[in-house]
Structure formats: structure tokens, C-alpha cells
Amino acid sequence: MEKQDFDIETFIMDAVLAGRLHPGARLGEAPLAKLFGTSRTKVREALVKLQTRGIVTVSPRRGWFVAQPSAEEARDAFHARKIVETGLLLSAPGVPETALAALRTHLAAEQRSLESDEIGTRTCLLGDFHIILANLIGNGLVSDIIRDLTARTTLISMLYQPKDKAEQSSHDHEEILAALEDGDLTAAAALMSAHIDHVENGLNLSATPDPMSGLREAFSTFTASAPRPDSPPGIPSPLDKETSGP
Ligand SMILES: [Zn+2]
């Protein structure tokens, strides 16, 4: 894999995980090619890979967009996360002290982000708890699967989360970490399962995602006064909605 392909894929994935790219946001090949100093072919190759990971979709006439998961896809994603994340905990031989220390440090950052009310950082950190845990106790393939599923559920939270549930999520993470510190992986798995249920149940899956969001994104460049420093040209501005993340 060439460095440029990796960078474009990772850039878009990280922006989704951080809540900086909305579901339905348009991903123009030409602006991305300009941004990354590469060809449209390379951009398209990265987007095709992200499509197979369920993060972007393509329409033959309209081009590339960040995925807008349906209610059914949302349920499937949370179900898959429960299977993979509880399975990971139940099959782990144990959690080394270095891993516990890393999770403790992460949880402290997560709790600081709740106080500071930085939505993007908080959304990113809440998802990161799961990704860090997977990196610490899972193999590379399991980590990749959990990262992709977390990105999907981050998009889902942006579409269906009616109000902020970040404090609940962080509290759940604290309980999971306490069980890991006790060396009780069965309890940690049960808490993880309940936590993913809490996040899913906090969503309003009967809500209809905004059918105008694509158009709003298309016209956002006319209404936005200036792009944010972390928003490259052609990529819609960050979230204006509160999300708690996974
Ligand atoms: Zn969580």
C-alpha cells in the first residue's frame, strides 16, 4: 500500500471517528486530490477501500458521500459490536498492567473532555476507548474490525442521537475498566454488552434522517464564512450537532 493511499483513507476515517465529517457529506474527488497532492485515481482507490469498509457510499451520477446508515444498518452495527467486543474480552487471557495504565490515562482524558465540552474531542475520545482496548488486547485484525464498526456507529450516533449521553458512556467505561482491574473479564464483557445497549437504546432509530442533508452540505460552502483550520477545502465543516459517540 502506497503512503498516499494510506493517508487519504486514514484521514477520512479519523475525521469520521472524530465527528468532523457528517453522514451524507460530499467527498469530491478533485478537492481531495488537490488537498493530498495526488491524482483523482489515487483518491478514488482510497474511497473504494472505504466503501468496502462501510464508511463511504458512491452514487454513479452524484459521486462520493460519507455513509448515512439506515435504522436497520444501525441495529446491525451495534449487534456486530456486541458480538466482537464481548468476544474479545471473553477470549483474552488477561489484561496486562501496562494496558490498564494506558486505559486509565485515556479515561482521565475522556473525563476532562466532558468538563471542557469540546464535542469533537469528546466524540473522538469516547470511540477511542473501544479502539484502544482492542489495540491493547486484540490482534491486528480484530482491532481493524472494531475500528471500522466504531466509525459506523459514530456516523449512526450523529444521525440518530437525540441528546447528549456522553456522561453515561464515560461512566460505563469507568465500570468496564474497574472490572478489568479486578481481573474479571466475564464481568467486563457483561458490562461492555450493557454499555453498547445503552448507546443503542439512547438513539432515536424511528427518526428519519434529514433527506436534505446532502443539499445542505452542497450549499454549505456558500453560507460558511470561512473554513475551519482543520477542515480541508471541499470537505464540509465540522458537526453542529451534539453527539456523545460510542
Ligand atoms: Zn463506549
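Two residues are taken to be in contact if their C-beta atoms, placed from the backbone, lie within 7 Å. This criterion is applied below to a predicted model. In that model, Val 56 touches Leu 27, Leu 47, Leu 50, Gln 51, Trp 64, Phe 65, Val 66 and Ala 67, with residues up to four places away in sequence left out of the count.

The protein contains 10 helices and two strands. Along the sequence, these elements follow the pattern α-α-α-β-β-α-α-α-α-α-α-α. Of the 246 residues in the protein, 39% are buried. Among contacts with a separation of 6 or more, 76% are accounted for by residues 24 or more positions apart.

The two strands are β1, residues 56-59, and β2, residues 63-66; they run antiparallel and are joined by four bridges. Three residues lie between β1 and β2, and the two strands form a hairpin. Within this pairing, Ser 59 stands opposite Gly 63 of β2.

In soluble globular proteins, nonpolar side chains tend to be buried together. The largest nonpolar core of the present model has 56 residues, and Val 16, Val 56 and Val 66 are those with the most contacts inside it. At least two residues of this core are supplied by each of α1, α3 (40-52), β2, α4 (71-91), α6 (119-137), α7 (140-160), α8 (166-181) and α9 (185-201). Because domain 1 (3-68 + 209-223) and domain 2 (71-201) both give residues to this core, the core lies between them. Val 66, one of the residues with the most contacts inside the core, is also among the residues that Val 56 touches.

Asp 14 is found in helix α1, which comprises residues 3-17. Asp 14 has 13 C-beta neighbours inside 10 Å and therefore counts as partly exposed, since that class falls between the limits of 12 or fewer for exposed and 20 or more for buried. Asp 14 and Arg 147 are 133 residues apart in sequence, while their C-alpha atoms are 9.9 Å apart in space.

Ala 108 is placed in helix α5, residues 97-116. With 10 other C-beta atoms within 10 Å, Ala 108 is exposed, because a residue with 12 or fewer such atoms belongs to that class. A separation of 66 residues in sequence lies between Ala 108 and Glu 174, and the distance from C-alpha to C-alpha is 9.7 Å.

Methods: Residues are numbered from 1 along each chain as its sequence is written. This is a predicted model: local features need pLDDT of at least 70, side-chain atom pairs count only at pLDDT 80 or more; totals for chains, interfaces and linings use all residues. Two strands pair if DSSP finds at least two bridges between them. A nonpolar core is a set of buried Ala, Val, Leu, Ile, Met, Phe, Trp, Tyr and Cys residues joined through C-beta atoms within 7 Å. Domain bounds come from an automatic or database domain assignment.
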